[in-house]
Amino acid sequence: MTNIKQYTKSIFLLLVTAVIVQSCNIETTYETVNVKNRFSIVLPSFLTKTNDLNDDATLQYQNERREFYIAVIEESFEEVETAIEYYEEEENIAYKNTLEDYKKMTLDDYKTQLTNAEMFNTKDTVVNNMQTITTHLRGTINGVDIFYSIGIFKGKTRYYQANSWTLASNENLYKNELDKIIYSIKEVEETE
């Protein structure tokens, strides 16, 4: 009887090990999401659509179990011009309608919401034919340490902010994935 128990345990452990090894080998698949025929972005299959992340976002996806989030905000050049006028009148801050100043407005907003904000790896580049500024940001919001990968893009008629984030403790685990999402955004030719 003891041999049967040992044999059953061995088979059970072998099956559990096989399932664990197989689950580690599951590769993430990716899907291109087209948003209002204005831009597309490539997202990992483990994300699901949501509307709870940012009221201004055109695209929002998340995986709460992994603490992995993405939101894209788009603003026309005219909307940004209106915001610039507000800042000049109400805040006495002068901005221009340029990608650099749009980045300043965007990141200044982050800095007001975060404590211990630290921006790093900021670079000017071109992503899918759009002038782009990318950066990483660490900070604390409501007592939670967050890591952001941010891309700010100048399209033909609008700016895009692609913000992906996770817990700061997951930075090393998800940084490459967050960056990959940011760099996948692409403006789509608008059709009437």
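Let me start with Tyr 148, whose bridge partner in strand β9 is Trp 165. What we have here is a predicted model, in which local features need pLDDT of at least 70 and side-chain atom pairs count only at pLDDT 80 or more, while totals for chains, interfaces and linings use all residues. Residues are numbered from 1 along each chain as its sequence is written, and side-chain values use heavy atoms, with hydrogens and water left out.

Strand β8 (residues 144-154) and β9 run antiparallel and are joined by nine bridges, and a hairpin of three residues leads from β8 to β9. When I say strand, I mean a DSSP run of E with at least two residues, numbered from the N terminus, whereas a helix is a run of H or I with at least four; two strands pair if DSSP finds at least two bridges between them.

How many residues of strand β9 are buried? Nine of the 10 residues in β9 (158-167) are buried, so the strand is largely enclosed by the rest of the structure, where buried means under 20% relative accessible area, exposed over 50%, and partly exposed in between, with a 1.4 Å probe and protein chains only.

Strand β9 also pairs with β5, again antiparallel and over nine bridges, and here Ile 70 stands opposite Ser 164. Strand β5 (residues 68-76) in turn pairs with β4 (residues 59-63) over five antiparallel bridges, with Gln 60 opposite Ala 71.

Taken as a whole, this is an open sheet of seven strands in the order β3-β4-β5-β9-β8-β7-β6, with antiparallel pairing, and its edge strands, β3 (48-49) and β6 (115-127), each pair on one side only.
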